[in-house]
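Q: I would like to learn how to read a structure like this one. Please take me through it feature by feature.

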Amino acid sequence: MRAITMFRAAAWLGVAVIFWSLNVRWGTDTGVGGGPPTSQWERFVVAAGLLALIAALSLSLSGRKDYPPSFMARGVAALSAAIIASIAFYLHSQATGALEFALEGDGWTWLVVGGALVVGAVLGSFGLKAPIKRPGKRRKRRH
């Protein structure tokens with residue numbers, strides 16, 4: 001299996017995991033159901049999922065056979081991944097006072113794991129190089 005295929009699969013798995021975090025419990029408090037504790041947090045998680053979708057699409061739709069995605073596509077994916085990570089850090093920093101319980105649930109963990117999958121896939125794609133074309137053996141011509 002090619003390395004780019006594994007990176008693309010990790011990015012798509014990250015998309016699924018981030019969107020999955022919208023359905024699981026975000027805190028240990030019994031008053032909190034499935035999903036993020038506030039509608040603002042829910043919008044941030046949806047934005048992170050859409051950015052993960054953009055990153056996965058840019059890694060998947062560019063590049064030819066045996067060639068990695070273009071630098072432009074990897075740049076778009078890297079920018080999306082950086083924003084996903086910053087959303088996760090922002091939500092963590094906002095979880096003070098009444099929202100501190102939200103970090104104890106599984107939703108936060110799924111968001112961070114999905115973001116890490118996308119970030120890892122994008123960083124891994126920067127290590128890919130185009131294959132070296134070696135000239136074939138020349139045949140001797142018979143006259």
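A: Start with helix 1, in which Ile4, Arg8, Ala10, Ala11, Gly14, Val15, Val17 and Ile18 are buried. Buried means under 20% relative accessible area, exposed means over 50%, and partly exposed lies in between (1.4 Å probe, protein chains only). Helices (H or I, at least four residues) and strands (E, at least two) are DSSP runs, numbered from the N terminus. This is a predicted model, in which local features need pLDDT of at least 70 and side-chain atom pairs count only at pLDDT 80 or more, while totals for chains, interfaces and linings use all residues. Residues are numbered from 1 along each chain as its sequence is written, and side-chain values use heavy atoms, with hydrogens and water left out.

Q: What covers the buried residues of helix 1?

A: Look for contacts, that is, heavy atoms within 4.5 Å. The cover over the buried residues of helix 1 includes helix 2, helix 3 (71-94) and helix 4 (106-125).

Q: How many helices and strands does the protein chain have?

A: There are four helices and zero strands. In sequence order, the pattern of the protein chain is α-α-α-α.

Q: Why does the span of helix 1 agree with its number of residues?

A: The expected span of a helix is 1.5 Å times one less than its number of residues. Helix 1 (residues 3-20) has 18 residues and should span 26 Å; its end C-alpha atoms are 26 Å apart, so the two agree.

Q: Which residues of helix 2 are buried?

A: They are Trp41, Val45, Ala48, Gly49, Leu51, Ala52, Ala55, Ala56, Ser58 and Leu59. An α-helix has 3.6 residues a turn, so residues three or four places apart point the same way. Helix 1, helix 3 and helix 4 are among the elements that cover the buried residues of helix 2.

Q: Which residues of helix 4 are buried?

A: Gly107, Trp108, Leu111, Gly114, Gly115, Val118, Ala121, Val122, Gly124 and Ser125. The buried residues of helix 4 pack against helix 1, helix 2 and helix 3.

Q: Is Ser58 buried or exposed?

A: Ser58, in helix 2 (residues 39-61), counts as buried because its relative accessibility is 13%. Leaving out residues up to four places away in sequence, Ser58 touches Pro69, Ala73, Val76 and Ala77. For its side chain, check polar contacts: pairs of N or O atoms within 3.5 Å, where within protein one must be able to donate a hydrogen and the other to accept it, and residues adjacent in sequence count only if both atoms are side-chain atoms. A polar atom of the Ser58 side chain lies 3.3 Å from the backbone oxygen of Ala73.

Q: Where does Ser21 lie?

A: Ser21 is in the loop between helix 1 and helix 2. At 0% relative accessibility, Ser21 counts as buried. The side chain of Ser21 reaches the backbone oxygen of Ile18 at 2.5 Å. Not counting residues up to four places away in sequence, Ser21 touches Trp26, Val45, Gly107, Trp110 and Leu111.

Q: Is Phe71 buried or exposed?

A: Phe71, found in helix 3, counts as exposed at 64% relative accessibility. Between the C-alpha atoms of Phe71 and Ser125 the distance is 9.8 Å, and the two residues are 54 apart in sequence.

Q: How many of the residues of the protein chain count as buried?

A: Of its 143 residues, 38% count as buried.
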